[in-house]
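Dear colleague,

Please find the structure below, handed over for your own reading. My notes on it follow directly after.

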Amino acid sequence: MPLGVAGGDQPREGDVASLDLTHADVERRYGVSRREFMTFCAGIAATLGLPNSAIAQVADAIVSKQRPSVIWLHHQECTGCTESLLRAEHPTLETLILDIVSLDYHETLFAAAGHQVEAARKAAMAKNKGKYLLVVEGAIPLKDGGIYCKIGGQTSLELTREVAADAAAIIAIGSCASWGGMPATDPNPTGSAGVAEALGRKDIVTIPGCPSNPYNFLATVVHFLTFGKLPPTDSLGRPLFAYSRLIHENCERRAHFDAGRFALEFGDEGHRKGYCLYKLGCKGPMTYANCSIVHFGDVGMQSWPIGTGHPCIGCSEQGVGFSKPIHALADLVGQRPPATYPGVVEAQGHGATTAAAALVSGAVGLAIGASVKLTRLLAANERASASAKAEDRPAQSAKE
Amino acid sequence: MTDAAVTPAAAPGQPAPVGGNLVNALSVLLAVLLGVALYFLYRRFVEGLGAVTNISNGYPWGIWVVWDVIIATGFACGGYAMALLVYIFNRGEFHPLVRPALTASAIGYSLGGASVLLDLGRYWNFWHILWPGYFNVNSVMFEVAACIALYVVVLWIEFSPIGLAYLKRTKLAGFTNRVLFFFIGLGVLLPSMHQSSLGSLLIPMGYQIHPLWQTPLLPLLFVTSALCMGYAVVIFETTLVGAGFGRDVSAELPLLGRVGKVIAWLLVAFLVLRFGDLAVRGQLAAIFTSGGRSVMFGVETLMFVAPVAMLWPEAPRARLSVLFPAASLMLGAAVLYRIDAFLVAYERGASWSYFPSVPELMVTIGVVALEVLAYLVFIRILPILPGHAR
Amino acid sequence: MSVDRRQFLRGGMGAAAGGACAAIGAPTAQARDNLTVPDHALGLLYDSTLCIGCRACQSGCKTVNALPLEDNVGGALWDTPYDLSPKTFTVIKLYKDGAAQQKDAEQNGFAFLKRQCLHCVDPSCVSVCPVGAMRKDPVTGIVSHDPGRCIGCRYCVASCPYHVPQFSYDTPFPRISKCELCKEQLAKGDIPACAKVCPTGATLFGTYRELTVEIARRKAMTPGATNTFPRRTVESGDTHERRAATYTEQVYGQTELGGTQVRYLAGVPFDKFELPVGMPVRSYAAQAETLQHTLYGGLVAPFVALAGLVAFAYRGARAHPDDDQHDEASHD
């Protein structure tokens, strides 16, 4: 963990000027091979759900665009989101991460502290007025004027308001900053709230999770860098590329759910076989996040809660994480039943074929036709015999 | 359809074989139809019902049940109808019509019973239905099956004097004739029971039979229409055989005319019961508001009403050109009534549909062909039809 | 018809006498009442509002009964029955309306239904089977099928009001198949597979009485209030908490046609599931058997009628012998 490598005591020289790097300089500047760099860009593009053609755009943006200034505030939090970000990549790429942005204020990573750091913050804010990104980590207590969290003599609320005033965009990283997270658990004694609620604004991008997946944050920032605006978000400010689907929709154990195979206790046969954890309280069916796809820690498959055998606790979802008991059963939220459910009406049975209909019509027609013909024949016979009788009568009376 | 007949010498009016060549254009055609049916029956037994029929778990009963068993036994009610008239109502003058009716009944009921075996899925267990310890006396179907099985035996016993006379077993024929009265009584009771119960089969199906057809009066409606069918089929067959063999049926004509009047009265009774029942159950409006079923009900009713109009006045009843189409319409009405009650009125929900497949239809046609073929063979060989000069 | 009143009257009397004797001889038409729930009847409660459509029940049932998968979409990748079938004793069906966004909502919503044999208290199938292949256990009330007796007439298929028994048309040796409430598992002291695997307790096993109490408890819940719900059996103690849904008034199977031992609760009216509603309380079996017993009970009426008919036939046959030697004699 290279503390103090980025940022340092003062803004680095040369950051702000636009750098005209060739890709050959990538190795020198970032300490990684060009291949690794492109792989990184491709990964970011994939996380954003962008097509292959965007990879070059992302690479260009990272290399050539002016790195946005980032002011990172911490409030009621465990610093897990920062820690998660730092563990996002192989150590040789840490430099790269911290070079995508110009981290101009970060309480955890800065070596310096106290008034110097606060002064550095204010200078960076003044220099990049209207252009810096505000990233907030941690919930903001609102009760009693917000006195339950103070930095440098200012309450979190005041501090956030001050920095937010001239920010180009605000990103709330982690569940705490997104909607209050763990500090806001009932009875919420300090009145913790997310940034959007604290500031009374609707334009906050939230990247909930506990911790949030670092790639969600990174991709959001790179999107801003590449396209000059934040990615599309839902009504809660969550980027759609990461939070538009339920864990349940992409879970590797979904087949077990669909087939009705559940683990009933930790360590039982079903649990060891990797069966669905729904009955143990998995909140996947009601949690919007992409943990099931992106995983954590870059150590391969199963590096996420369900993969390790623990039910999802819905940490990113307000009303679920730190609210619904971990082992309570999840509701299925916004479920669109898959196409394989049989409806209450399903066409079955065998109706008429043309041949069969023709056969029946033919037979009936034949029967009717024959009857009519026979009737006519009978009528003709009767008329004939009636006239014959009429002729016979005179002969008969003559006989008698 | 005429043939070069060699009419055996017999006293006029006495039953006599029609004679003639058994093999002719019609019998060959019937045999071919039977052959086609046998091919599909082979496939039915080797591959299962689903390979040949369109029945399904939405429509478990198709035309093999409805036509080959229910309708065909209705056609075979001639013996029942004539026995009632001649022996119970003591209308001896109808006697000449008994034998042909009995023959058609014996053949028709035998094939109707055999057709059940074609339709049963687990036919090798069929004897269960007649075996104590297996049969369930609460079941309508048990009663139908037991009655029909017994009635087939009774019919052949009633028929036996004809066969015995042909075989010149005079003593045995005489004995049989003396005890025949018991079987005649049985032969009126049994069809009354099972023809009505064929209607009762629908009662446990409850709401699944449309209210235009579902009623507690089903047994009465079925037995009345079956009786009508019996009388109508006598007129029908007499006419066809007369026309086909070029026979002069003028001696039977007055009898047929009176049979026609019986049909008219019975149909009136049937229609009164049917519409009275609909009125009492508050279903008269449904006649017009049931979509396709309304159409079928309308056609069926018209076909029941038309023969009444045709057969009520006395003068037209003396003419075959009125009797025959009236009888045909009556038979058509009864056929349609049964198809409607079992298949058209049957409601299984929006998922299900049924229409017979071509192989299924060919089997039914083949069974009918066999009935006609057997009848023609019988009347040529055995003394059944009243002997007449041509 | 020549109007010979005596002749007509005699004949009419003959036939009517048979009928009258039959009517007098027959036992007084006692309506056969609905059968009642056996004291130790077992059953299931299916609560559509708890069901999440996971189909563990469908899967568990197939495992326990060794049933093959059903492939209706091609590729034979997984089990896709449309409905009950010879290979599927229970199936989850989906009711869907509009955008299907809200669970258990009638409009713009969706809901699940578990179809299976409802083990009627007064089953039509048992009544109509001509060879007693369908039987209702006198103790548990489970309706089961004995293929050894079955003749394959499919009367049970035709008469079941819920379209449950399934016949296998695709084989020359067919049979009837349906849920039998895992009676083999019950004999081993286990519970039906569907109730055993259900993760939410939507399918719940218990005695009929226990389930009646549970149904009342659920109907009394305030919609939206958190309550505990048992899983597997009523008394298992394996419970979970969730908010109660709004149930429809009707408990399906409580009274229709005498009631069923498998009952449904739902948040959506039952006719939306294509289930028959509005059926009478008097079972069809009771109606049909009343008719049969009235007409033929003890064969008294038939024998009496036969006596009358034989008497008249004797007279008629003597007057008109069906003999080749005799002419058409003139008659009385």
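Chain A exposes about 18900 Å², of which carbon and sulfur atoms supply 57%; accessible areas come from the Shrake-Rupley method with a 1.4 Å probe, and for residues only the protein chains shown count as cover. This is a predicted model, in which local features need pLDDT of at least 70, side-chain atom pairs count only at pLDDT 80 or more, and totals for chains, interfaces and linings use all residues. Residues are numbered from 1 along each chain as its sequence is written, chains are lettered from A and ligands numbered from 1 in the order in which they are written, and side-chain values use heavy atoms, with hydrogens and water left out.

Chain A

Chain A contains 17 helices and 10 strands; helices (H or I, at least four residues) and strands (E, at least two) are DSSP runs, numbered from the N terminus. Of its 400 residues, 50% count as buried, where buried means under 20% relative accessible area, exposed over 50%, and partly exposed in between, with a 1.4 Å probe and protein chains only. Among contacts in chain A between residues at least 6 apart in sequence, 74% join residues at least 24 apart; contact means heavy atoms within 4.5 Å.

Some backbone details in this chain deserve attention. Most residues other than glycine have a negative phi, and most peptide bonds are trans. Thr79(A), which is not a glycine, has a positive phi of about 70°. Thr79(A) sits in the loop between strand E1 (69-74) and helix H4 (80-86) of chain A, and with 16% relative accessibility it counts as buried. Apart from neighbours within four places in sequence, Thr79(A) is in contact with His74(A), Thr108(A) and Glu137(A).

The bond from Asp186(A) to Pro187(A) is cis, with omega near 0°, and Pro187(A) belongs to the loop between helix H8 (174-179) and strand E8 (192-193). Cys210(A) and Pro211(A) are likewise joined by a cis peptide bond, with omega about 0°; Pro211(A) lies in the loop between strand E9 (205-207) and helix H10 (214-227).

Chain B

Chain B has 13 helices and 3 strands. Its radius of gyration, taken over C-alpha atoms, is 21 Å, close to the 21 Å that the globule rule gives for 390 residues, so chain B is as compact as a globular protein of that length. That rule is 2.2 Å times the number of residues to the power 0.38. Along its principal axes, the C-alpha trace of chain B spans about 65 × 50 × 40 Å.

Of the 390 residues of chain B, 63% count as buried. The chain exposes about 13300 Å², and carbon and sulfur atoms supply 75% of that area. Among its contacts between residues at least 6 apart in sequence, 80% join residues at least 24 apart.

Helix H4 of chain B (residues 98-119) has 22 residues, which at 1.5 Å a residue should span 32 Å; its end C-alpha atoms are 31 Å apart, which agrees. The expected span is 1.5 Å times one less than the number of residues in the helix. In H4(B), 17 of the 22 residues are buried, so this helix is largely enclosed by the rest of the structure.

Trp213(B) is located in the loop between helix H6 (170-200) and helix H7 (218-245), and counts as buried at 0% relative accessibility. Beyond its neighbours within four places in sequence, Trp213(B) has contacts that include Arg274(B), Phe297(B), Glu300(B) and Tyr337(B). Trp213(B) and Glu300(B) are 87 residues apart in sequence and 12 Å apart in space, C-alpha to C-alpha. Arg274(B), in helix H8 (residues 253-280), is buried too, with a relative accessible area of 2%. Its contacts outside the four neighbouring places include Trp213(B), Phe297(B), Glu300(B) and Tyr337(B).

Chain C

Chain C has 9 helices and 12 strands, and 56% of its 332 residues count as buried. Chain C exposes about 13800 Å², with 56% supplied by carbon and sulfur atoms.

In helix H9(C), the buried residues include Ala301(C), Leu306(C), Val310(C) and Ala317(C). Arg154(C), a residue other than glycine, has a positive phi near 65°. Arg154(C) is found in the loop between strand E6 (143-145) and helix H4 (155-159) of chain C, and counts as buried at 1% relative accessibility.

Yours sincerely
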